[in-house]
Amino acid sequence: MSVSDRTGYRPSWYTATAARTAERAPLTTDLDVDVCVIGAGLAGLTTAREIARGGWSVAVLEARRIAWNASGQNGGFVLPGFAAPASRVVERVGLAHAKELWALSQAGLDYVRATIGEIAMPDIDPVDGWLNVSKLDDTARTAATLRLLEEDLGVEVEGWASERVREVLKTDRYFDAVHFPGAFHMHPLNYALGLAALAEQAGAHIFEHAPAVAIDPGGVRKRIDTPQGRVRAAHVVLAGNVHVGALMPQLGRTLLPVWSYVAVTAPLGPRLAQAITYSGAVSDGVGPDTHYRVVDGDRLLVCGRATVWEADAHALGRGLAADIAGLYPQLGAVECELCWSGVLGRTIHDMPQIGELAPGIWLASGFGGHGCNTTALAGNLVARAIVDGDDTWRLFRPFELIWAGGSVGRAAAQIAYWWTRRREAGKARQGNRHADPIGGAPASARWPERAESHLSLAMRSDASATDAMVLPEAALPAEPHLD
Ligand SMILES: Cc1cc2nc3c(=O)[nH]c(=O)nc-3n(C[C@H](O)[C@H](O)[C@H](O)COP(=O)(O)OP(=O)(O)OC[C@H]3O[C@@H](n4cnc5c(N)ncnc54)[C@H](O)[C@@H]3O)c2cc1C
């Protein structure tokens, strides 16, 4: 996890086009607040803003800079749903329950859209639409997905026939698609910086370079230590994504760290319009495939190629540019000008971890490759739970904390990513008509079902015995420390 830029952000197209905001000071005193939020990514910032809007005092501790990791480096696709495919959520919890979850995911998306309207900052650039394109000539598969999303789950979607897709994406590799007119893409770093400003306007205190290094979660007033100051709070919200593992290793073990890569091409000039005239976001299949959108008029921002270790972003960025050149030969050579990676936290069921771990200890984590809407959803649910005693978060209880498999899990996931890529590419070549329904998320391959059931059966705790979420292994240790 190296952050090479002296500003504390990795150089990216987003940092090159970031709105200027002042650096926040670290915490240097002792502070008493109602709520302490650990982590200033999209999950922590949304939670803090909503808690402050509810009239409670809140402090956010950020180890580095606001949104320096996944929240400020992602593809910027704001979609409904979750990293888990809709069909799998229905299978797990039933249709009625899944419909409630999807409505919440849509509320998360709507929250981001509405908040952008409130942020007095240019350059978030929301652009409507997401086309989830099939690389297989399989209209039955698309029809099944449309039925599930539209008729069963009430999602606003349209079916686009191959001819319509190819009018706007001029490649013979694509067939029909599911279009989400209400989805959009945006500049995620500027959104996060604007969200932080709104949280502060509502009364939240945000501290940067203020890692929580120890936490005493017992008692009515919890104690959170940073190197130069201490917070006492009635509630703690853990919104640290995979990095929270340094503070609470047992929580870290419930997430599989997955690095995803983003490349921005050199300007493509008028050539781009000969290939792509759709201005929304595009994904071309299930799992770790290619996700792209037009930025800056004539460049493409391309995202994908997940790995379970931090690989060379430049090599993978060149690979992403090559993927685009392969799809659209009329573009000629496609040069990758900027590339970077960020790490996301993937749960074994691909659903987020939202809930109360122990009295006053809250978790908003595990958003995987589908965090732009689900972090907003989680922030709102956790804030409402704390401020109003609302218990909607319990809808997520079926997705309890499960050990993510350690190094064995990493190896299994990497094999799953490779296998999915190869399988999808093979099927696209052969015109195989038996792929899984679409509806999954960017940067998220299906975990092999057998690995999932094996790991979860081996490590799962019995969450149904209590109202709180249950950690694998024992309950929270009295005083977990930064290793
Ligand atoms: C390359 C990439 C592309 C993606 N593309 C998309 C996309 O297009 N659409 C989409 O919906 N999702 C996408 N995602 C996923 C999405 O970005 C994440 O799910 C989401 O941003 C996670 O937000 P977060 O707040 O949980 O985590 P983060 O953004 O990682 O924020 C967590 C913060 O907590 C801080 N922290 C951790 N521990 C401590 C501590 N002890 N003390 C203080 N601070 C601490 C960290 O420093 C960090 O700033 C992508 C992810 C990546 C990496």
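Colleague: How many of the 18 residues of H12 are buried?

Modeller: This is a predicted model, in which local features need pLDDT of at least 70 and side-chain atom pairs count only at pLDDT 80 or more, while totals for chains, interfaces and linings use all residues. Residues are numbered from 1 along each chain as its sequence is written. A residue is buried if 20 or more other C-beta atoms, placed from the backbone, lie within 10 Å of its own, exposed if 12 or fewer do, and partly exposed in between. H12 is mostly covered by that criterion, the number of its buried residues being 15.

Colleague: How far apart are the end C-alpha atoms of H12?

Modeller: Helices (DSSP runs of H or I, at least four residues) and strands (runs of E, at least two) are numbered from the N terminus, and the expected span of a helix is 1.5 Å times one less than its number of residues. The 18 residues of H12 should therefore span 26 Å, and this agrees with the distance between its end C-alpha atoms, 24 Å.

Colleague: Which residue with a positive phi follows H12?

Modeller: H12 covers residues 371–388. The residue that follows H12 has a phi near 70°, and it is glycine 389.

Colleague: How many charged residues are in the shell around the ligand?

Modeller: The ligand is surrounded by 46 residues, counted when the C-beta atom, placed from the backbone, lies within 6 Å, and Gly39, Gly41, Gly75, Gly240 and Gly371 are the closest. Among the elements that give two or more residues to this shell are helix H2 (42–53), strand E11 (256–265) and H12. Ala, Val, Leu, Ile, Met, Phe, Trp, Tyr, Cys and Pro count as nonpolar, Asp, Glu, Lys and Arg as charged, and the others, Gly among them, as polar. By class, the shell has 24 nonpolar and 20 polar residues, and the number of charged ones is 2.

Colleague: Within what arc do the buried residues of H11 fall?

Modeller: In H11, which runs over residues 313–327, the buried residues are Ala313, Leu316, Gly317, Leu320, Ala321, Ile324 and Leu327. Taking the directions from the helix axis to the C-beta atoms, these buried residues line one face of H11, because they fall within an arc of 145°.

Colleague: Is tyrosine 328 buried or exposed?

Modeller: Tyrosine 328 sits in the loop between H11 and E15 and, leaving out residues up to four places away in sequence, touches Lys170, Thr171 and Ala275 (contact meaning C-beta atoms, placed from the backbone, within 7 Å). Leucine 169, which is 159 residues away in sequence, is 8.8 Å from tyrosine 328, C-alpha to C-alpha. Because 21 other C-beta atoms lie within 10 Å, tyrosine 328 is buried.

Colleague: Which residues touch the most other members of the largest nonpolar core?

Modeller: A nonpolar core is a set of buried Ala, Val, Leu, Ile, Met, Phe, Trp, Tyr and Cys residues joined through C-beta atoms within 7 Å. Beyond its neighbours within four places in sequence, valine 58 has contacts that include Val33, Ala48 and Ala204. In the largest core, of 135 residues, those that touch the most other members are Cys36, Val58, Leu61 and Val382.

Colleague: Where is aspartate 125 found?

Modeller: Aspartate 125 has a positive phi of about 50° although it is not a glycine, and it is partly exposed, with 16 other C-beta atoms within 10 Å. Its place is the loop between helix H5 (95–118) and strand E4 (127–133).

How values were computed:
Two residues are in contact if their C-beta atoms, placed from the backbone, lie within 7 Å.
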